[in-house]
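Opening the notebook on a new model today.

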Amino acid sequence: MRIFRQHNIRKIQTLDGIWNFESEKTGKMNINVPGCWEMIPALENYRGKCIYEKKIDIDSTANIRLVFKGVSHTADVYFDGQHVRRHYNAYTPFDCIIKNVSKGEHEIKVNVDNSFGEFSALHVPNDYYTYGGIIRDTALEKLPDIYIESICFVPGYDKKWRAKTKVSIVNLSGEEKECSLKIKLCEKKIIKDIKLMPNEKKKILWEEDFPEAKSWSHEDPKLYLIECELIENGEITDDLIERCGFRQIETKGEGIYLNGEKIFLKGFNRHEDHGSVGAAIPVELMMKDIWLMKDMGANAVRTCHYPNDERFLDLCDEEGLLVWEENHARGLNLEQMLNPNFDEQCRNCIDEMVNNHINHPSIIIWGILNECASEFKEGREKHKRQYEQIRGLDTSRPLTSATCRHKNDICLDLPDIVSYNIYSGWYNNDPIYETLEDFIGYINSAGGAGKPLIISEFGAGAIYGFRDTAHRRWSEEKQSDIIEESLNVYMNDKRISGVFIWQLCDCRITEEGDFYLSRACMRNNKGVVDIYRRPKIAYETVKRIFKKPV
Ligand code: ADA
């Protein structure tokens with residue numbers, strides 16, 4: 001489920017592998033989990049409901065926890081025919097706990113729905129594809145009556161490294177329970193005795209100095225394990241291991257600082273989409289993407305436009321790739337933001353994103369609401385509420401939102417960092433520098449003055465293999481020219497703290513909506529590599545510029 005081992009004691013069995021599958025187009029068949037049903041030719045463009053089923057064996061009566069890291073996009077989970085969980089959103093993990101499950105064979109059924117409609121405010125026809133299926137890992141855990149639900153680690157620096165570690169313990173039983181919690185981190189450990197009332201959840205806080213800790217940075221991504229154990233009557237009954245890094249990210253004036261040093265973000269926007277596997281990207285192909293970005297000299301990646309697979313974030317932690325992670329939203333107009341399900345679906349996505357990903361040192365920025373209706377007061381209210389929600393969960397990272405309402409955005413006073421998506425030279429022939437000057441003038445007049453500025457999207461389309469001596473649009477040459485001209489302006493302007501090229505790889509788009517009119521082959525073709533990661537001319541151009549000594 002993660003790149004590192006999270007348990008030595010808790011019994012875990014993966015549910016990945018072959019499941020029974022049924023759809024109206026294929027009837028009954030087998031399918032692999034994780035995976036997208038679009039890999040099945042008959043379902044390549046299918047939008048609707050499919051059924052997944054799997055029988056499991058429990059060797060002794062236990063509380064069981066079913067873990068789903070990503071089901072696209074709505075899951076209804078049944079255990080032995082009883083509905084135990086509904087979850088909306090393909091991109092955040094969820095679980096369900098069933099108490100006192102008897103020894104023997106049981107059945108898990110998951111009804112998966114990737115259709116669009118009023119009930120889905122975030123998965124809508126769009127310039128990326130909503131796949132169908134159990135697209136990320138799944139597992140079954142056996143839980144004792146008291147178990148460790150989560151670990152939350154927040155580092156801080158004040159002449160030396162310090163940290164607040166919060167461990168959440170849950171009593172699943174109807175009796176009062178006593179236990180001890182042992183936490184080990186960076187050569188230090190504590191043991192706390194705990195009493196839990198029936199069905200009580202308790203958060204244990206450990207504040208500690210770690211003068212010996214080595215910093216986590218892009219150049220030297222030092223990671224530590226936080227090892228927690230629960231001890232009852234002298235026996236270790238449960239455990240949970242998390243990984244963390246000692247690093248501090250802050251904004252001071254127009255600069256972004258990592259561990260007190262000003263940084264310039266050289267990044268890519270990356271969709272979780274691959275021509276061979278769709279959204280169900282295996283670790284090997286995640287690594288490939290990271291190696292490609294680092295080969296081009298990038299130090300950052302933006303998880304446009306949704307929370308990513310935790311294993312990708314684990315790899316970014318290990319490789320020192322700085323991450324802007326954002327909640328799930330792309331280009332929603334005011335009418336779409338006023339969908340009655342919008343607020344709750346965003347709130348749940350933010351809760352699950354921050355609560356599950358807060359320990360990743362690579363995540364240095366939380367983003368929200370890419371190119372949503374930030375020009376209207378109702379849209380501003382929603383931006384404001386979502387920033388407040390994230391700050392209520394995590395005050396250790398700056399917040400931003402990538403906007404394309406260049407001169408009528410009324411939310412620029414709300415985030416810590418201002419981020420603009422600008423396509424000078426592609427969607428228009430506007431001069432890059434003069435356009436930037438004009439937008440900065442507006443930003444300074446509309447509440448964004450004195451904050452770091454990131455150019456969060458810029459680039460151009462190129463059909464892989466279309467070469468053109470005239471450098472016309474859609475040629476690889478033209479894409480390279482526009483990216484080069486943009487980088488030469490944005491990377492040499494002291495007012496800019498970072499750039500994210502749109503985009504690393506081509507990605508599939510939905511047939512619904514009207515994106516197809518400007519998207520050949522049903523793809524957003526602005527990748528510097530195509531959907532199979534074959535490099536376009538722009539690849540070498542970016543590499544030459546990103547790797548130029550600053
Ligand atoms: C917007 C949007 C991206 C993509 C891009 C484009 O900036 O945020 O998801 O659609 O435009 O390719 O035009």
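Below are my entries, one topic at a time; the model is a predicted one.

**Ligand site.** I started with the shell around the ligand and got 13 residues, with Asp127, His305, Glu371, Tyr427 and Glu457 as the closest. By type I sorted the shell into 3 nonpolar, 4 polar and 6 charged residues. A side-chain N or O atom of His305 sits 2.6 Å from a ligand oxygen. For Glu371 I read 2.7 Å from a polar side-chain atom to an oxygen of the ligand, and for the side chain of Asn370 the distance is 2.8 Å. How much of the ligand does the protein bury? I got 97% of the 320 Å² that the ligand exposes when taken alone.

**Cis peptides.** His305 came up again here: the bond joining Cys304 to His305 is cis, with omega at about -15°. I placed His305 in the loop between β24 (300-302) and α2 (310-319). I also noted a cis bond between Ser72 and His73, omega about -5°. His73 belongs to the loop between β6 and β7 (74-79).

Cys372 is in no disulfide either, its nearest cysteine sulfur being that of Cys346, 7.5 Å away. I count Cys304 as buried because its relative accessible area is 0%; Cys372 is buried too, at 1%.

**Lys69.** Buried or exposed? I put Lys69 down as buried, because its relative accessibility is 12% and the cut-off for buried is under 20%. Lys69 lies in the loop between β5 (62-68) and β6 (71-72). Its side chain makes a polar contact with the side chain of Glu310 at 2.8 Å. Leaving out residues up to four places away in sequence, I listed Met1, Thr92, Pro93, Arg136, Asp137 and Glu310 as the residues that Lys69 touches.

**Positive phi.** I noted two non-glycine cases. Lys159 has phi at about 70° and is in the loop between β13 (146-157) and β14 (161-171). Lys159 is exposed, at 75% relative accessible area. His471 has phi at about 55°, in the loop between β29 (453-457) and α7 (476-490). I logged His471 as partly exposed, at 32%.

Terms used:
Residues numbered from 1 in each chain as written. Predicted model: local features only at pLDDT ≥ 70, side-chain atom pairs only at ≥ 80, totals over all residues. Heavy atoms only, no water. Helix = DSSP H or I, 4+ residues; strand = E, 2+ residues; numbered from the N terminus. Buried < 20%, exposed > 50% of the residue type's maximum accessible area, 1.4 Å probe, protein only. Polar contact = N/O pair within 3.5 Å; in protein donor to acceptor, adjacent residues only side chain to side chain. Contact = heavy atoms within 4.5 Å. Disulfide = S-S within 2.5 Å. Near = heavy atom within 4 Å. Areas by Shrake-Rupley, 256 points an atom, 1.4 Å probe, with all protein chains shown as cover. Nonpolar A, V, L, I, M, F, W, Y, C, P; charged D, E, K, R; others polar.
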